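Dear colleague,

Please find the structure below. I would be grateful if you could read the notes that follow alongside it.

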Amino acid sequence: MKKVEVLAPAGNLPSLKAAVASGADAVYFGFRNATNARNFEGLNFSEVEARQGIEHAHRHGARANIVLNTFPQVDDPTPWYRTVDLAAELRADALILANMALLRYARDRYPDLPLHLSVQASASNSAAIDFFQRHFGIERVILPRVLTIEEIRRLKETTSVELEVFAFGGLCVMAEGRCHLSSYVTGVSPNIEGVCSPARAVRFDQEGGLLKTRLGGVLIAQYGEGEDAAYPTICKGRFVAADRVYHVMEEPGSLNILEMLPEVIGAGVVSLKIEGRQRTKSYVATVTRVMREAVDAYYRLGAEGFRARPGWLKVLNATSEGTTHTLGTYQEAWQ
Amino acid sequence: MRIAVGPVLFDWGKRAIEEYYRRLAFESEADILYLGEVVCSKRLGLGPEELGRLARELAGSGKEVVFSTLGLVMNDGELERVRRVVALAGELGLKVEANDMAAIGLGEGQPMVAGPHINTYNPETLAFLATVGVVRVVLPVELSARAIAGVIGKRGDLPMERELFAYGHMPLTFSARCYTARAFELPKSNCQYKCGEFPEGLPTMTQDGSDFLLMNGIQTMSARVCNLVAETEEIQGLGVDIVRLSPRKERFREVVGLWRQRLDGRLDAVTAAAKLAELDPGTRFCNGYFHGRPGLEQVP
């Protein structure tokens, strides 16, 4: 039986090396521009670093995927097309794409380059996945975080495309690639600029004994003394609805599937993706190591014998915002 | 420019929605009517059967009828629903609006509208979609005028009609989670159809009391009403063929009428804007996206 892959994020070359050293089967990274959805300052790869990163991964038996998951902009689409060319030239193991025009270009120009459909393409059902397979020959789809485990299992029965799922990290609670909340408030959009809730739009204000967090001038949450303040993304904000003040969409916290690992693997996914290209090298190393241990334990003990060790959960919780975790949409009750 | 009335995004119930469209068909100046459930497969609004019946009934009005489909397709039941609506549109010779790539896949070869939930951020994407049957695009709501110009190019570049969301609460995103049910501490699987209690979504305010968002089941919308009535000349200049007005519960045919007058040059921009505001006291309007600003802003 082919083992499920542990796929780790790399925001820079040291993180990539840490991921490989910690047991990642594969890593993914993007270039230092708007061509990927983690376009943060000081993050991502130059061409030279990409070349070194891919060589490093290959030398250690790991695969390296390149991320190109935003939509080419009209003013200057060159960087997007250049990234496709680079992925082929550098012999990346896969190129992760969201846009149909780029998929067309990549498939026509580089028939042998494996293409993975980005989560930003929001393909959450067999008809959508079939469409991308039929036209662009995608090998794999990264599923948006909108499906239950049962729905993923069903989906696997209806498609020959490989399924990759998010296993750990920051939790988008919206259908990825189709969320305008950031641009509604800040003017900056994941689809256009590759950025959600940019740091320059964030303010932390002390007012009347409360810490108020704002995004684009909009009050996202307020905290009393001793409460931990979360980064103000709208979907994790505390607002007023139905006469209550609460996290209207979702509490700050991380997605963590470890407790459901047997079900997730049993559903037929091929790859467990760790979110967090914007996180530190030590985050990447820690999470990758735990995920590696857990996956190995699963294959050693079997679905029946596997238990998520409290030690793993403790270590993972310590890396995550709000220090809580959720099974998110994989569990129907969450919806 | 023609006026399209978008799909009703709220849960008003079957009868109310049917009556709403009947009156729009026979008593309004709209040119195109989009019918069908976009937000939630659990709602008992216009299903495939009602769509067929209503489309036949409205045919005599001379308006173009288009079937809209679900925005987020997550399981077999939802996929089947989209399949039936796409097939029905084919049988009746109507266009079908795709709001999830599932519908593009199922409708390939049929005349389709790429709805506002399909990511069309560049002309190359539109050129590709034209090869699979897309004959009209409704642009993503977050595009600026400048971006729109780039995406749709010059008139004649693309064999495709261009439609712009120009009035109404903007659909901003979808989730697997139902936020209306969550507000009442209910799971989606037992939502008790709470959306039915909020004809324009569940108001969601910031803690300092400003209207911010609307929770509309699994959809999140802007609390402010997008209104580009003062920008119609610029919109026309961009090569937009159709403006989309998104259904609201009250006095909507008057909204359509005011837009018609404005598009025909019978009302100036200032008067049209003032009259729309009068129809809807207390509502805050926004036009930020069009001007390259945050969507919630109102640029004077």
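The notes below concern a helix pair and several salt bridges.

This is a predicted model, in which local features need pLDDT of at least 70 and side-chain atom pairs count only at pLDDT 80 or more, while totals for chains, interfaces and linings use all residues. Residues are numbered from 1 along each chain as its sequence is written, chains are lettered from A in the order in which they are written, and side-chain values use heavy atoms, without hydrogens and water.

In chain B, the axes of helix H1 (residues 14–27) and helix H2 (residues 48–58) come within 10 Å and cross at roughly 20°. H1(B) is therefore roughly parallel to H2(B) (angles under 35 degrees). Residues in contact (heavy atoms within 4.5 Å) include Tyr21(B) and Phe26(B) in H1(B), and Arg53(B) and Leu54(B) in H2(B).

In one of them, Glu233(B) meets Arg262(B) at 3.1 Å, N to O. Glu233(B) lies in helix H8 and Arg262(B) in helix H9 of chain B, 29 residues apart. Glu233(B) is exposed at 59% relative accessible area, whereas Arg262(B) is buried at 7% (buried means under 20%, exposed over 50%, partly exposed in between, with a 1.4 Å probe and protein chains only).

In chain A, Arg309(A) pairs with Glu293(A) in a salt bridge, with the closest N and O atoms 3.5 Å apart. Arg309(A) is partly exposed at 37%, and Glu293(A) is partly exposed at 36%.

Yours sincerely

Conventions. Axes are lines fitted to C-alpha atoms, for helices over the stretch in contact, and angles run from 0 to 180 degrees between N-to-C directions. Helices (H or I, at least four residues) and strands (E, at least two) are DSSP runs, numbered from the N terminus. Angles under 35 degrees count as roughly parallel, over 145 as roughly antiparallel, 65 to 115 as roughly perpendicular and the rest as oblique. A salt bridge is a side-chain nitrogen of Lys or Arg within 4 Å of a carboxyl oxygen of Asp or Glu.
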